[in-house]
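Subject: Handover of a structure, with notes on its features

Dear colleague,

Please find below the structure that I am handing over to you.

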Amino acid sequence: MELWGNAARGPIGGGIRIAAALMVLLVLSFPCPADAARLTLLRFGKLTQNISLGYEFDQQSSQSDGGTSLDSTSHRFDERYRAAFRYAVLSPRLLNGSVRVGANLEQENEETTNRSASDGSSHQLEYNVNGTWFQRSWYPVTFFTYQQYNRVRQAFTPSYDIKTDGVGATLSLQNNYVPTLFNYSLRSNATSGAGADTENTIEAFLLSFSHNYRSLSNATLSLSLNKSDTVTKGEATTTSSDTRSVVFKHLLNLGTTDLTRTLNTLASYVDETGTVRNHTLELNESLDWWVGKALQTHAIYIHRDRTFADRKTVEDSGVGWIQHRLYKSLTTRLDLRGKNTTFDNNGSITEIGGGGTIDYEKKLPEESSLLVGVGYNYGITDNKLGADALPVINEQTTVPDLPPYELVMGQLDVNPDSIVVRNRERTFIYTPGTDYQVVTDGRETRIVFPQIPTVGPFPITAGSILSIDYEYRIAPSITYSQSVYTGYATLSLFQERHRLFVRITDSSQDVLENRGAGSPQLSDYRTLNLGFESRREFLSYGASYLRIDSDINPSQTFEGYSRYVRSFGRDLVRLNLRERYTLHDNGDDRTESSYTNTLNLTGEYLRPVTNWATMRLIGDYLMVRGRSPSDEVSASVELNAQFGRTELSLFSELAWKFLPQNTNRSTAIRLQISRSF
């Protein structure tokens, strides 16, 4: 926890102290109404102020089967002051903006098993200043500077603070020929009280030019520089990343109102140094040309020259398809593709293929429809490599929304030690063993998150998109083919209030030539996915079945859900039920199997107690069986009341987590009283 005097340390410190002094001066120089009409140098809007008092109680306890108990209790008092107003200098056309300032006083008492109680206090300054110079001119300038503290609270984990601050400005040169934009920002995120505290600083420059010629041509050129540094308290190493990029985009539009005829051009160069070294040059041309309303064509060519960890890869690929639609019902599509990837001093991989699909859509009575389709795709891959390891860069995957929270790597035979997990923007690297664990199951590799959300300045939550780099092993000298058959159907009834669907896929790989030693490991699979969805006035529900027959990790998944939302006068009720059952077969050994069963039930009841108070009740139950079994139960009540300009908020939550070896309990109480004037 930082004291007031230390609140502005770091790379942004000097500017923060100056901005803070200016804000205090502005607040103290606030004019009275009688003087406001004569004041021309500084103009102020209405001053709004808020004072709040808060109390927080957190208790975490863990009881193991052996009788060992670990308890932690904390009491936290805080007093907060907030003020906000708009301002202008001479005229709003010259400079106008808004100012928000705040001061926090906090006192905390903590007590942990086997440790004596400790007391602490802190003072924090918060502010947010933004403005615009020359707003109505052709060269407006916007700027901002801020510093704020947020408390992160989650069950079964001690609360911690995140301090965020930043400063930045944007210059826009507005004209009819080459509009130009220059942007600079420096932002910092630092955790306090999170165990292994981290600080992440991101400095970014952006220079962008654009040009439009009627609706015929649109071009943009962007140059950017991003510098990211992450420091973990108590560790000497620093994770850093410097990324420089140049991106050119151009759209040539030769189409009409009824026919799309466009040529898209993309050229980019990315140079990333630091903890991970990556240099990428990419050229991309995409052509969409409608011959007529019923006949459409598309072609795309990509050249990518990449150097990752001193290993160079050159990739050239092309895709093209032609599609015809008859009477808006029968759609036929043929496609071709080719790709050649050359690895520096390590050979090449060549891929060619093509296929087609036929879709038939029938409009039915009562605003219903039927879609039926079949497809076939055939491809040949020729590996001529000198080594059996290849890199994968920036594979983006989404964290599941139900436990167990696991990610399956997109390739087989992954080297676990090569995995690097980043956030989507690739500005922060997560710590293996703390944020995630790597599990190898045969040829399949999974990333497992023991706790969601994770602790840190960029926490991983359900639904987060992550960027992952890794290496995987591949058969170095082989030519093989892959055939994929697909069939699908969808029946939508009564304005899509009811929907039934089915999809079947059959994929097989065959060796055409094996020039290496031993038998190559290829993979065949078949999938069946079917289900239904239904929507009624207050209730929606659905179920699905997914079967994967594979020689790697065959599985069957059953999933169902139900959602109920209804108002009873002024009361509101929400109920959500969802269950997923997955059965995993252990490869060819069908005598053993493992499963995962996840059940989540959530209920919410919202009721106005009086004209000035509202109560919310929430209950949640989460059950996991099979892999990582656990039970979580939580109940919370929230009361919000408003008496004129005085607001009161009361929140209380009890949560239990039952694990095979121990039981965790979390208790939280939040009380806040605020007054605006």
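A residue is called buried when its relative accessible area is under 20%, exposed when it is over 50%, and partly exposed in between, with a 1.4 Å probe and protein chains only as cover. The model is a predicted one, in which local features need pLDDT of at least 70 and side-chain atom pairs count only at pLDDT 80 or more, while totals for chains, interfaces and linings use all residues. Residues are numbered from 1 along each chain as its sequence is written, and side-chain values use heavy atoms, with hydrogens and water left out.

Overall form

The chain has 677 residues, of which 36% are buried. Its C-alpha trace spans about 85 × 75 × 65 Å along the principal axes.

Salt bridges

Side chains of opposite charge can pair when their charged atoms come close. A salt bridge is counted here when a side-chain nitrogen of Lys or Arg is within 4 Å of a carboxyl oxygen of Asp or Glu. The structure contains 42 salt bridges.

Which residue does arginine 151 meet in a salt bridge? Its partner is glutamate 108, with an N to O distance of 3.5 Å. Arginine 151 belongs to strand S6 (residues 141-154) and glutamate 108 to strand S4 (residues 95-112), so this pair ties together parts that are 43 residues apart in sequence. Arginine 151 counts as buried because its relative accessibility is 18%, and glutamate 108 counts as buried because its value is 16%.

Aspartate 78 and arginine 80 form another salt bridge, at 3.4 Å from N to O. Aspartate 78 is buried at 5% relative accessibility, and arginine 80 is buried at 18%.

Glutamate 282 pairs with arginine 304, their closest N and O atoms lying 3.3 Å apart. Glutamate 282 is in strand S13 and arginine 304 in strand S14, so the pair ties together parts that are 22 residues apart in sequence. Are these two residues buried or exposed? Both glutamate 282 and arginine 304 are buried. Elsewhere, salt bridges with shared partners join Glu56, Arg76, Asp78, Arg80, Glu106, Glu108, Arg151, Arg153 and Asp161 into one network.

Surface patches

Patches are built from residues with over 30% relative accessible area and no salt bridge, where like charges are joined within 9 Å and nonpolar side chains (Val, Leu, Ile, Met, Phe, Trp, Tyr) within 5 Å. Accessible areas come from the Shrake-Rupley method with a 1.4 Å probe, and for residues only the protein chains shown count as cover.

Tyr213, Leu216, Leu254, Leu263, Leu287, Trp289 and Val291 make a nonpolar surface patch of about 580 Å². Valine 291 is in the loop between strand S13 (278-290) and strand S14 (295-308), and at 48% relative accessibility it counts as partly exposed.

The place of each charge is taken as NZ of Lys, CZ of Arg, CG of Asp or CD of Glu. A patch of negative charge on the surface gathers Asp506, Asp510, Asp524 and Asp551. Aspartate 506 is in strand S26 (residues 498-514) and, at 31% relative accessibility, is partly exposed.

Backbone features

Most residues other than glycine have a negative phi, and most peptide bonds are trans. Proline 403 and proline 404 are joined by a cis peptide bond, with omega about 0°; proline 404 sits in the loop between strand S19 (389-398) and strand S20 (406-408). Isoleucine 452 and proline 453 are likewise joined by a cis peptide bond, with omega about 0°. Glutamate 367, which is not a glycine, has a positive phi of about 55°, and it is exposed at 59% relative accessible area.

With kind regards

Technical notes: Lys, Arg positive; Asp, Glu negative; His and termini not counted. Helix = DSSP H or I, 4+ residues; strand = E, 2+ residues; numbered from the N terminus.
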